[in-house]
Amino acid sequence: MINGFTPQTTASNSCACGCRGSIELHRRALGDAMSESDYSGIDNYSDRIIETTVLNAMIPNALQRRAFLKAVGASTVLSAIAQLFPLGTSKAIAQDVAKLEKSRLNVGFVPITCTTPLLLAHAMGEYQKEGLDVNLVRTPGWALVRDKLINAEFDASHIVLALPLTMTLGVGAPATNTYVSSIQNVNGNAITLHVKHKNRRDPKDWKGFKFGIPHEQSMHAMLLRYYLAEHGLDPDRDVELRVFPPPDSVANMASGNLDGMLFAEPWGQRAVFEGIGFLHLLSRDIFEDHPCCVLSVTEKFVTENPNAYGAMYRSVVRATEFADKAENRKRVAELLAPAAYLNQPQTVLEQVLVGKYADGLGSIIDAPQRIGFKAFPYESTAVWLLTQLRRWNMVPAGISYQAIAQKVFLATDATRRMRELNFATPPSPIIKHTIMGKVFDPASPQDYVDNFVIKRA
């Protein structure tokens with residue numbers, strides 16, 4: 001609810017901002033120069049309230065005000081007023097001080113380093129600064145996270161990137177519009193093999209291997225499939241892919257259930273720490289700066305709780321920016337090692353976060369970019385992930401790759417929100433990516449899918 005209006009879309013005469021009045025009632029102050037899109041969304045509606053309040057105060061007589069606006073145009077009037085009155089500042093303040101619809105949020109997470117910003121915002125008191133009481137709920141696996149988001153048991157959750165896309169499409173569960181609020185991490189994974197395979201580094205020798213992955217549709221699974229296929233192995237016929245909750249990965253490798261795995265850290269590094277595995281390849285060496293996990297919310301939560309959502313977003317993005325700085329990484333490891341968060345030896349987390357680590361083959365590797373924390377969601381990475389899901393027949397044929405990516409990634413307006421926090425954003429959410437030396441053009445996704453030799457689609 002904002003200023004007495006409750007968002008709803010069922011009434012045929014409800015305006016685009018979701019309130020119960022007609023569009024014309026809201027246009028009386030600003031005139032027809034404003035388009036319908038200027039009233040779309042709760043934030044635009046708040047901006048219009050600020051603008052009309054200023055105009056009404058300056059020109060109290062409604063007839064004179066309408067005549068003046070008709071003569072010179074609303075945009076011209078607002079531009080002139082902005083020179084004397086800080087409209088932008090007032091709008092920002094209106095958003096910032098808006099009352100939280102709910103202050104206690106249940107937020108899910110799986111204990112992996114990908115969830116660092118979400119957990120760090122709690123450990124550093126960022127949620128409290130915004131008036132939020134966030135209850136972090138440890139969850140073992142992604143299917144359960146998905147179900148709890150759909151059922152509104154979670155207000156938000158850390159989740160693998162593919163799930164907001166497939167949830168919106170209705171793949172594997174009832175269709176639920178689900179948004180990527182912010183990217184939690186880039187890179188941060190590794191193909192880890194059992195120590196008994198130290199002399200079998202060539203993927204062509206891996207026929208019959210059993211690999212662990214956290215979810216069939218996750219970025220981890222798609223990167224592993226891509227890597228295997230590039231080496232001539234069919235991931236559905238030449239190896240076996242087994243789904244395990246990330247916390248169970250090392251134990252399954254130790255017991256002989258897995259020859260290899262591609263999970264988010266710290267589980268690959270933990271396998272090295274336990275003397276069970278070695279790091280064959282970092283995921284960044286397959287797809288540099290690929291996103292992995294995200295903070296996700298449903299459309300229902302954002303619509304019903306826009307101010308609480310904004311407060312959570314600001315908290316997490318501030319933590320993301322802190323975590324990405326190299327000088328803060330040891331502190332981050334210290335904060336997140338305790339049982340309430342990642343429950344890992346601090347030395348294991350430091351190796352992952354700092355990027356100076358033992359590889360399990362007797363070497364110490366220095367790779368500062370092993371993991372990064374970049375909040376901005378590039379639509380083009382979502383398009384690439386959708387091509388891989390289509391390649392393996394996990395999403396329907398004929399999907400609109402770009403439209404789905406834009407809907408899921410930009411519905412929460414990350415560019416505007418990050419700029420309001422004075423954080424840099426790229427000029428475009430669409431860029432070309434290079435995967436194992438081959439350039440992916442997001443403008444031609446279906447051609448990309450069609451050109452693969454090994455595929456199910």
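Helices here are DSSP runs of H or I with at least four residues, strands are runs of E with at least two, and both are numbered from the N terminus. The model is a predicted one, so to speak of local features takes a pLDDT of at least 70 and side-chain atom pairs count only at pLDDT 80 or more, while totals for chains, interfaces and linings use all residues. Residues are numbered from 1 along each chain as its sequence is written, and side-chain values use heavy atoms, with hydrogens and water left out.

Now for the second largest pocket. A pocket, on a 1 Å grid over the protein atoms alone, is an open set of points where a 1.4 Å probe fits, with protein on both sides within 12 Å along at least five of seven lines, and lining residues have an atom within 4 Å of a point. Its volume comes to about 410 Å³. Of its 22 lining residues, V186, D289, K374, F376 and Y378 lie nearest the centre. Both α14 (306-324) and β15 (433-435) put at least two residues into this lining. By class, the lining holds 13 nonpolar, three polar and six charged residues; Ala, Val, Leu, Ile, Met, Phe, Trp, Tyr, Cys and Pro count as nonpolar, Asp, Glu, Lys and Arg as charged, and the others, Gly among them, as polar.

Next come two helix pairs. Helix α10 (residues 219-230) packs against helix α17 (residues 379-391) at about 65°, with the axes 10 Å apart; axes are lines fitted to C-alpha atoms over the stretch in contact, and angles run from 0 to 180 degrees between N-to-C directions. The two are therefore roughly perpendicular, a label that covers 65 to 115 degrees. In contact terms (heavy atoms within 4.5 Å), M219, M222, L223, Y226 and A229 of α10 meet W384, L385, Q388, L389 and R391 of α17. That makes up eight nonpolar residues, one polar and one charged.

In the other pair, the axes of α9 (residues 162-169) and α18 (residues 401-410) come within 10 Å and cross at roughly 110°, which means that α9 is also roughly perpendicular to α18. Here P164, L165, T168 and L169 from α9 touch I404, K407 and V408 from α18, giving five nonpolar, one polar and one charged residues.

Most residues other than glycine have a negative phi, and most peptide bonds are trans. Yet E265 and P266 are joined by a cis peptide bond, with omega about 15°, and P266 sits in the loop between β9 (260-264) and α12 (267-273). N422, not a glycine, has a positive phi of about 65°, and lies in the loop between α19 (414-420) and β15.

Key. Parallel < 35°, antiparallel > 145°, perpendicular 65-115°, else oblique. Points joined across faces, edges and corners; volume = space filled by probe spheres on them.
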